[in-house]
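Please look over the sequence and structure first.

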Amino acid sequence: MGNFLPAAPAEREAQYAALGLSGPADLYRDVPEAVRLDGPLDLPAPKSELEVRRSMEALAGQNVRFSTILRGAGAYDHYIPAAVSRIAAKEEFVTAYTPYQAEISQGVLQSIFEFQTMICELTGLDAANASVYDGASAAAEAVAMCRDRKRTKAVVSGAAHPDVIATIQTYCFGSGMEVVLAPAREGRTDLTGLLDDGVACVYVQQPNFYGLLEDGAALADQAHAAGAKLIAGVNPATLGVLEAPGAWGADIAVGEGQPLGLPLSWGGPYLGFMAASQPLMRKLPGRIVGQTADAQGRRAFVLTMQAREQHIRREKASSNVCSNEALCALTASVYLSLMGPAGLMQVGEQCYAKAHYLADELCKLQGVKLRYPGPFFHEFVTDLPDPTDVLAGLEAKGILGGFPLKGGLLWCVTEKQTREELDRTVAIVKEVLGIWN
Amino acid sequence: MELIFERSRPGRGSQILPPPDVPAAPIPAEHARKRAPRLPEIGESDLSRHYQALARRAFGVCDGFYPLGSCTMKYNPKLGEEMAALPGFTGIHPLQPAHTVKGCQLAMAQTEYALSRITGMDRFTLQPAAGAHGEFTGLLLIKAWHRSRGDEGRTVILVPDSAHGTNPASAAMAGFTVKNIPSTAEGLVDLEALRAACGPDTAGLMLTNPNTVGLFERDILEITKIVHDAGGLVYYDGANLNAIMGVARPGDMGFDVCHLNLHKTFATPHGGGGPGSGPVGCKEFLAPFLPGSALGGNGGEQSIGQVRAFHANFLVVVRALAYLMTLGNSGPAEAARGAVLNANYLKKKLEEAGYRSAFPGLCMHEFVLTLEGLKKEAGVSALDVAKAMLDAGIHPPTMYFPLIVHEALMFEPTETEAPETLDRAAEVLSEILRRAHEDPESLHAAPVSTVIGRPDETAAARHPVVRYVFPEG
Ligand SMILES: Cc1ncc(COP(=O)(O)O)c(C=O)c1O
């Protein structure tokens with residue numbers, strides 16, 4: 001019990017005998033006595049499957065599941081169609097590894113090629129990789145792609161997700177690139193006076209952390225005028241209806257793929273996607289699948305442009321990425337295929353309409369108002385007198401309210417919430433704030 | 001087979017969402033998309049068959065023997081999948097208030113505790129999403145520690161020439177210069193070369209133990225002492241922990257910081273390339289530098305920051321915790337012994353069949369063959385042998401790694417294979433060796449039973465086609 005060894009003890013004895021060994025101790029002759037453990041670990045005894053199940057279910061039972069989630073801030077509660085998780089759970093996909101052996105891995109390779117194509121279509125850019133760890137590390141990797149000998153500064157929008165900003169800063173602590181934070185003015189990125197010929201790239205998020213739509217084209221123009229690249233951090237669930245970053249001037253688009261069929265899962269595993277324009281293609285980190293043919297001319301897919309990668313280039317590689325988030329990428333591909341262009345458009349339209357409905361209804365309440373002017377997508381910040389009480393009141397009714405920001409809440413609505421849930425939310429906020437009719 | 005885009009027909013699709021129940025609100029024209037993304041338009045039935053066809057063209061641990069060295073392709077218990085699908089885990093938002101996520105926090109704490117016991121480290125962060133991500137994180141801890149002491153001149157990370165490519169790549173990303181340490185003829189770290197390389201610029205050494213040729217560095221205490229005496233720290237690449245878990249602990253060998261690969265040692269599935277999880281453990285003195293999260297809870301004042309959003313690849317952690325609970329206090333050593341036993345058993349069989357090990361004698365959980373001789377004698381390469389294995393339904397071993405062995409094939413059978421599976425693999429390889437001498441051409445032509453033959457990789461890299469090109473361009 002407790003080890004998943006298929007062989008019976010007697011069979012293992014036979015294996016030892018075949019090796020001329022008397023037992024396990026003989027296997028570890030090279031391990032110095034001084035570091036060999038002489039007894040079991042300081043851990044509980046092994047458990048049977050049923051006991052483990054009970055323990056794990058008890059853990060899951062200690063979490064509170066909200067029936068309505070009006071919080072986003074980097075993780076989004078979208079509807080996940082049944083086919084998505086079923087298809088992604090196929091054992092052949094789950095238990096394979098990186099498709100090093102193309103001849104028996106065409107299925108995984110083709111799924112990645114299809115994923116890359118969908119990411120190119122969504123972003124309006126020329127080439128995408130097979131995925132990196134998450135949206136934040138994708139942003140940090142994109143910044144590293146832009147560095148050159150003369151340009152070692154990254155200007156990062158202060159209206160981007162705080163975790164993304166911090167991740168870029170950490171990666172730059174490693175690489176020695178300088179990070180300059182562009183202030184958010186009225187909730188939107190202001191690049192005034194920050195761009196010079198030392199700037200390698202500008203990172204902006206669309207929609208930004210506060211849910212606001214930035215003037216992407218103007219920001220891209222400013223970056224390009226200074227000779228810098230524009231990196232767009234985008235939410236893929238918006239790209240059925242919002243202009244593709246490639247179309248408004250982004251050189252690289254990255255983002256968190258979680259909204260595409262991945263459950264919230266307390267933050268992971270998620271999916272970092274990256275796409276770039278043709279000239280930057282060979283700077284992309286990580287695995288990239290390409291199309292080729294075998295000797296008989298049959299279409300074939302392979303891991304390609306490996307001269308960028310760590311196993312070939314070692315310390316000169318474009319990145320250290322080895323394992324990625326392939327199964328999450330496959331999940332996203334299934335989601336996008338099932339939704340299709342029409343479905344993704346519906347998701348975008350409904351997120352937008354429902355968020356605006358909630359914002360309108362909340363702002364009808366005395367003392368509640370939108371913090372920032374101008375267009376937003378499916379997240380928005382309301383100032384309100386008592387965020388803590390509001391959240392507690394909502395929580396008591398199974399509703400996870402907006403993410404608390406100083407003196408306000410950052411709300412999020414997706415296609416999943418019904419008008420009835422939104423009305424109930426408004427009624428509770430009204431009650432907590434003690435507003436009479 | 002067709003690409004999903006080639007199966008697409010205009011107007012097809014599924015009705016997933018109800019019509020909107022709030023007033024329509026138009027997207028502002030200046031932000032609205034002008035041309036819809038060309039996503040597939042396909043019914044659910046055809047979609048289902050498409051992915052079933054792809055699954056048939058994939059090869060997982062569920063399909064057969066997968067002795068891919070350095071990757072620990074052990075069986076992934078199904079319980080882990082069910083536990084990771086519990087709605088009490090999947091339905092939790094990463095920014096829920098602390099009192100509503102006690103179960104997640106406990107799962108993290110229990111995993112950290114178990115990993116600390118197994119490695120002899122004091123503290124863990126579960127933030128890194130893979131082994132390489134862990135390396136990067138661990139190296140930043142080393143960098144931050146030297147800086148905190150005003151020791152800015154320590155800019156060099158020592159890496160054995162047998163190391164995995166991610167080691168030097170991570171060191172470079174962390175801003176270090178890489179200095180290679182040669183291996184001895186026995187495949188171990190050359191102590192004299194290590195001593196000579198150590199100096200006031202040494203930030204640390206990265207080491208896998210057992211190393212990438214499958215040997216335990218028996219001078220490990222001397223190695224870590226040399227680096228410590230020079231003022232450096234020692235990093236443990238835990239990719240090979242499966243050989244020694246429960247038997248010996250990196251924390252007792254003098255390592256200061258380590259990463260583990262939950263997707264190797266702790267039986268979480270590899271997902272066709274990921275997601276994985278690369279927890280980083282460290283000794284107490286490095287704990288102040290551990291990562292935090294801007295929104296999900298900050299690290300300490302001296303924290304290196306964060307390497308991804310939120311907390312962890314949490315569902316991977318959940319699977320690993322289920323495995324750790326199953327193993328308990330005695331299972332880790334039993335698993336490790338099983339892995340080492342199976343590796344030695346297969347190694348001996350292959351040597352008896354006429355293959356040459358790069359390093360003789362007992363190995364740990366994996367071993368490396370060198371086919372240099374075969375290449376010279378018969379013109380048959382490691383690649384040819386690997387491709388011939390495909391026709392026998394066995395996933396080939398890792399090829400051409402580590403770089404210090406010519407024509408390398410690295411086998412890691414893992415503990416979850418029964419002896420007859422190893423016997424059969426040995427027979428298959430024995431037969432391939434016979435063919436290498438009698439009919440080498442047949443090996444150059446392999447594989448012949450797969451859906452494609454060897455693809456033209458050169459053409460793929462020279463003229464990259466990395467996305468489907470629609471007929472209309
Ligand atoms: C020895 C060694 N170190 C590090 C890694 C990197 O781990 P990951 O792929 O999880 O990033 C690997 C992966 O194969 C490895 O074998």
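## The interface in outline

Contact here means heavy atoms within 4.5 Å. By that definition, 204 residues of chain B are in contact with 179 residues of chain A. The model is a predicted one.

The area buried between chain B and chain A is about 16,400 Å², and carbon and sulfur atoms give 65% of it. On the chain B side, Arg33(B), Tyr51(B) and Val466(B) lose the most area to chain A, together 5% of what that side buries.

## Polar and charged pairs

Between chain B and chain A there are 88 residue pairs in polar contact, counting pairs with both residues at pLDDT 80 or more. The count of salt bridges between these chains is 11. Lys34(B) forms a salt bridge with Glu243(A), where the closest N and O atoms are 3.1 Å apart.

Helix H12 (residues 331-352) of chain B gives the most to the side that touches chain A, with 13 residues. The residues of that side of chain B divide into 119 nonpolar, 51 polar and 34 charged.

## Helix H8 of chain A

Helix H8 of chain A covers residues 162-175. At 1.5 Å a residue, its 14 residues should span 20 Å, and the end C-alpha atoms are 20 Å apart, which agrees. Just after H8(A), Gly176(A) takes a positive phi of about 90 degrees.

Because 10 of the 14 residues are buried, H8(A) is largely enclosed by the rest of the structure. Among the buried residues are Asp163(A), Ile168(A), Tyr171(A) and Gly174(A). Their cover includes helix H7 (135-146) and strand E3 (153-157) of chain A, as well as helix H6 (131-148) and helix H7 (166-173) of chain B.

Terms used
Residues numbered from 1 in each chain as written. Chains lettered and ligands numbered in written order. Predicted model: local features only at pLDDT ≥ 70, side-chain atom pairs only at ≥ 80, totals over all residues. Heavy atoms only, no water. Helix = DSSP H or I, 4+ residues; strand = E, 2+ residues; numbered from the N terminus. Expected span 1.5 Å × (residues − 1). Buried < 20%, exposed > 50% of the residue type's maximum accessible area, 1.4 Å probe, protein only. Buried area = accessible area lost by both parts, 1.4 Å probe. Salt bridge = Lys/Arg side-chain N within 4 Å of Asp/Glu carboxyl O. Polar contact = N/O pair within 3.5 Å; in protein donor to acceptor, adjacent residues only side chain to side chain. Nonpolar A, V, L, I, M, F, W, Y, C, P; charged D, E, K, R; others polar.
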